[in-house]
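Subject: A two-chain model for you to look at

Hi there,

Here is the structure I promised to pass on to you. Have it open while you read, and my notes on it follow below.

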Amino acid sequence: MAPASEHAAAYQRFGPALVRKAERILRNREDAVDVVHALFAELIARGAAPVDLPYLYRAVTNRALNVVRDARGRARLLERQQATLAPAPRASGALVVGLDLLARLCDRLDADHRDVLVARYVDELTQDEIAALYGVSRKTVGKRLARVDAAAAALVAEGA
Amino acid sequence: MTAATCIGEPVSWLRLERLALADLDAATTAAVRAHLDACAACAAAFARIADDARPLPRLPAVDAAARPWWTRWRVAIGGVALAAGAAVALVALRPAAVAPLPPGGVRVKGAGVVVVRLVRERDGAIAIDPDDVRETDRWKVELTCAPDGVAWVDVAVVQGAEVAFPLAAQEVACGNAVAVPGAFRITDGAAEVCVALAPRAPDRDQLRAGDRRGVVCRRLATGP
């Protein structure tokens with residue numbers, strides 16, 4: 001069992017980065033802090049082994065998306081979202097995933113595709129980085145990304 | 001907002017964070033720094049990280065001296081929690097086959113008697129099982145049950161015909177005044193907060209249908 005002090009050290013070191021990541025999904029700092037705090041509280045309670053930033057990135061994605069997927073949580077997030085916490089995409093022509101679009105895509109995509117959606121369009125990871133982060137091939141990432149893009153395009157077309 | 005467009009492939013936020021933490025190897029660090037020197041968009045993104053120095057609330061299990069508000073209330077309700085724990089113990093010791101439940105308690109397979117407390121934070125003041133709600137209040141749920149037990153918890157906010165679930169259903173290890181991870185707010189005035197407890201993920205359709213078996217509910221009036 002890992003001592004709590006190791007997780008406390010990881011929390012101090014990686015916590016701010018994880019809160020910023022959660023903010024990009026949830027669009028408000030209060031919920032982002034809650035997600036990160038709860039994650040570390042659970043790691044301590046479980047006596048989990050020390051973890052690195054990539055692992056924590058995945059864990060925060062899961063927890064933040066759980067909030068987005070919950071109907072009540074989603075309504076609250078949409079009401080409280082702070083646009084300044086959502087940097088514009090830096091890649092030319094990249095899909096802009098606002099909270100509303102993210103929520104609606106979550107309804108249509110399974111967990112693997114939701115992970116790719118966030119990794120690519122919220123965290124702006126390259127396909128190679130996504131492959132390494134989730135332990136899948138670059139080809140798999142490409143397929144999942146194509147599915148994500150198709151779902152996003154369908155949603156946009158429906159809204160047009 | 002980062003308005004500029006990257007000159008090529010943007011440096012991911014993960015990589016920028018790892019650069020800020022000096023968590024990259026030398027070659028990658030050099031490559032990222034070279035990109036930042038040439039790319040205003042990515043340099044601005046990195047500056048967002050460098051400029052974001054807000055502190056985090058401390059972890060309660062590590063530092064009991066300076067807890068965030070959602071753990072400070074554990075101290076405030078210590079007496080109540082101990083009383084609840086004592087109630088659980090007394091119930092467990094009773095010789096009767098079916099002991100009466102304490103207020104706010106339900107019996108859950110795998111956890112025994114679980115006592116639920118609804119905790120409200122309003123303008124920094126903590127209240128246990130209060131009677132009213134304002135939109136600015138922050139809410140959490142606490143459980144007290146015998147150590148080694150485990151229960152699934154789901155929280156429902158009922159307002160008229162609408163039933164909402166502000167937190168993900170989750171499995172919670174028993175203890176004394178264990179805070180269920182996550183906090184929530186209640187908008188639109190009066191509500192009934194119901195906490196469902198079960199040995200497995202509670203059935204939300206049961207809650208939507210108004211079935212209150214294994215559920216502890218508290219009515220909240222619109223606050224002043």
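Let's begin with Ala64(A): leaving out residues up to four places away in sequence, it touches Ala22(A), Ile25(A), Leu26(A) and Val35(A). Touching, or being in contact, means that the C-beta atoms of two residues, placed from the backbone, lie within 7 Å.

Before we go further, a word on how to read all this. This is a predicted model, in which local features need pLDDT of at least 70 and side-chain atom pairs count only at pLDDT 80 or more, while totals for chains, interfaces and linings use all residues. Residues are numbered from 1 along each chain as its sequence is written, and chains are lettered from A and ligands numbered from 1 in the order in which they are written.

**The nonpolar cores**

Ala64(A) belongs to the largest nonpolar core, which has 51 residues; Ala22(A), Val36(A), Val60(A) and Ala64(A) touch the most other members. Helix 1 (residues 4-26) of chain A gives the largest share of this core, nine residues. Apart from it lies another core of 41 residues, including Val141(B), Val153(B), Ala183(B) and Cys194(B). A nonpolar core here is a set of buried Ala, Val, Leu, Ile, Met, Phe, Trp, Tyr and Cys residues joined through C-beta atoms within 7 Å. Buried means that 20 or more other C-beta atoms lie within 10 Å of a residue's own, exposed means 12 or fewer, and partly exposed is in between, with C-beta atoms placed from the backbone. In soluble globular proteins, nonpolar side chains tend to be buried together.

Helices (H or I, at least four residues) and strands (E, at least two) are DSSP runs, numbered from the N terminus. Helix 2 (residues 29-46) of chain A has 18 residues and spans 26 Å from its first C-alpha to its last, close to the 26 Å expected at 1.5 Å a residue. That expected span is 1.5 Å times one less than the number of residues. Among the buried residues of helix 2 of chain A are Val35(A), Val36(A), His37(A) and Phe40(A). Just after this helix, Gly47(A) takes a positive phi of about 65°.

Helix 8 (residues 138-159) of chain A has 22 residues and reaches 31 Å, close to the expected 32 Å. Which of its residues are buried? They are Val141(A), Arg144(A), Val148(A) and Ala152(A). These four lie on the same side of helix 8 of chain A because they cover an arc of only 80° around the axis, where the arc is that of the directions from the helix axis to the C-beta atoms. The face turned away from that buried side carries exposed residues, including Lys139(A), Ala146(A) and Glu158(A). Helix 5 (99-108), helix 6 (111-121) and helix 7 (127-134) of chain A are among what covers the buried residues of helix 8.

**Two residues with a positive phi**

Glu124(A) is not a glycine, yet it has a positive phi of about 55°. You will find Glu124(A) in the loop between helix 6 and helix 7 of chain A, and it is buried, with 25 other C-beta atoms within 10 Å. Asp188(B), also not a glycine, has a positive phi of about 70°. Asp188(B) sits in the loop between strand 9 (178-179) and strand 10 of chain B; it is partly exposed, with 13 other C-beta atoms within 10 Å.

**Strands of chain B**

Chain B has six helices and eleven strands. Strand 10 (residues 191-198) of chain B is mostly covered, with seven of its eight residues buried. It runs antiparallel to strand 6 (residues 150-159) of chain B, joined by seven bridges, and antiparallel to strand 11 (residues 215-222) of chain B, joined by six bridges. Two strands pair if DSSP finds at least two bridges between them. Val193(B) in strand 10 stands opposite Val157(B) and opposite Arg218(B) in strand 11.

**Where the chains meet**

How many residues of chain B are in contact with chain A? There are 35, in contact with 39 residues of chain A. Helix 3 of chain B supplies the largest share of the side of chain B that touches chain A, five residues. From chain A, Glu129(A) in helix 7 is in contact with Ser12(B) and Leu14(B), leaving aside neighbours within four places in sequence.

Enjoy exploring!
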